[in-house]
Every structure is written in C-alpha cells, then in structure tokens.
Amino acid sequence: MAFDLKACIDSLQPPAIHTFLGGKIESIQQNEWQAVISYQPRTEFANPMGQLQGGMLCSMLDDAMGLFVMLAQEGAPAATVMMNVSFLRPCQLEQVEVQVSFVRQGRRFSNIEAVAYQQAKAVAKATAAFTLV
C-alpha cells in the first residue's frame, strides 16, 4: 500500500515547538519532496534591535527540516545530527517562509537544505543532517 501523505499530515500532532514558533505547513510536493512551511514570529522573539533573534530563526529552520524529513520517512521520527546556518540579512518580526528540500535522502541519514524567506528575499540558509530514531 502506498504511503498516504495527506493522512499522515492530518493525523500529525505537531511538536510543541512548531506551535510555539507559529508554524504552518503550506505545501508539500511528494513527487519532488519539497515543502514550504511558514512561521509567524511573536514579539518575544525580538533581539535588542527589534529584529527576529537568530536563535529563533535557527529553531524555525530546524523545525521545518525535521518535520519535512519525518513526513518523507512515512512518519518515522528523526533527530538533527548536524546543522549549519548562514544568516543573509536581518529578519523582521513578520511571516517567515521556509522552503525545504532533500540534498540526499538515505535509508538512515538524510541531508536537507532549507532557505528562509521574508518578503521574497532570502534571510537565512541552512543545511542539516538527520538520522532516523
């Protein structure tokens, strides 16, 4: 029987951090394994300059990639083994859209890439390795 992605998403109890970050699955393309997940930053996420604090942006990228790899592995939980983030420009306390895709998908380890956008401009890019647990 083929994996039913929609049923998996519908039955998914998102992690508490996903809800805390204001996460929402916008789209998942199963044939190409790409996803778009949006986040709505809260005012408490601001740094002293009033912009989104870098650690919160890292959490959004990690959450998006973790959720993505879990769905791609038919609901199996996965853990971040390594994550590298490059901050490209300041990020405001406005909606952040994260586009996620596989660099390489293996049976036990997956390499994922995510780019966070705000107002159609890249604000951060992350690469990560995940392992199934």
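**Nonpolar core and aromatic pairs**

The largest nonpolar core holds 33 residues, of which Leu 57, Leu 61, Met 65 and Val 98 touch the most other members. Such a core is a set of buried Ala, Val, Leu, Ile, Met, Phe, Trp, Tyr and Cys residues joined through side-chain atoms within 4.5 Å. Buried means under 20% relative accessible area, exposed over 50%, and partly exposed in between (1.4 Å probe, protein chains only). Two or more core residues come from each of strand 2 (34-39), helix 3 (54-72), strand 4 (96-105), strand 5 (109-118) and strand 6 (121-132). Helix 3 contributes the most, with twelve residues. Helices (H or I, at least four residues) and strands (E, at least two) are DSSP runs, numbered from the N terminus.

The model is predicted: local features need pLDDT of at least 70, side-chain atom pairs count only at pLDDT 80 or more, and totals for chains, interfaces and linings use all residues. Residues are numbered from 1 along each chain as its sequence is written, and side-chain values use heavy atoms, without hydrogens and water.

Three aromatic pairs were found. Rings of Phe, Tyr and Trp (its six-membered ring) pair if their centres lie within 6.5 Å; planes under 30 degrees apart count as stacked, over 60 as edge-to-face and the rest as tilted. Phe 20 and Phe 45 form a tilted pair, 5.3 Å centre to centre with 55° between the planes. Phe 20 is partly exposed at 36% relative accessibility, whereas Phe 45 is buried at 2%. Trp 33 and Phe 68 pair edge-to-face, at 6.2 Å and 80°. Ring pairs join Trp 33, Phe 68 and Phe 102 into a cluster.
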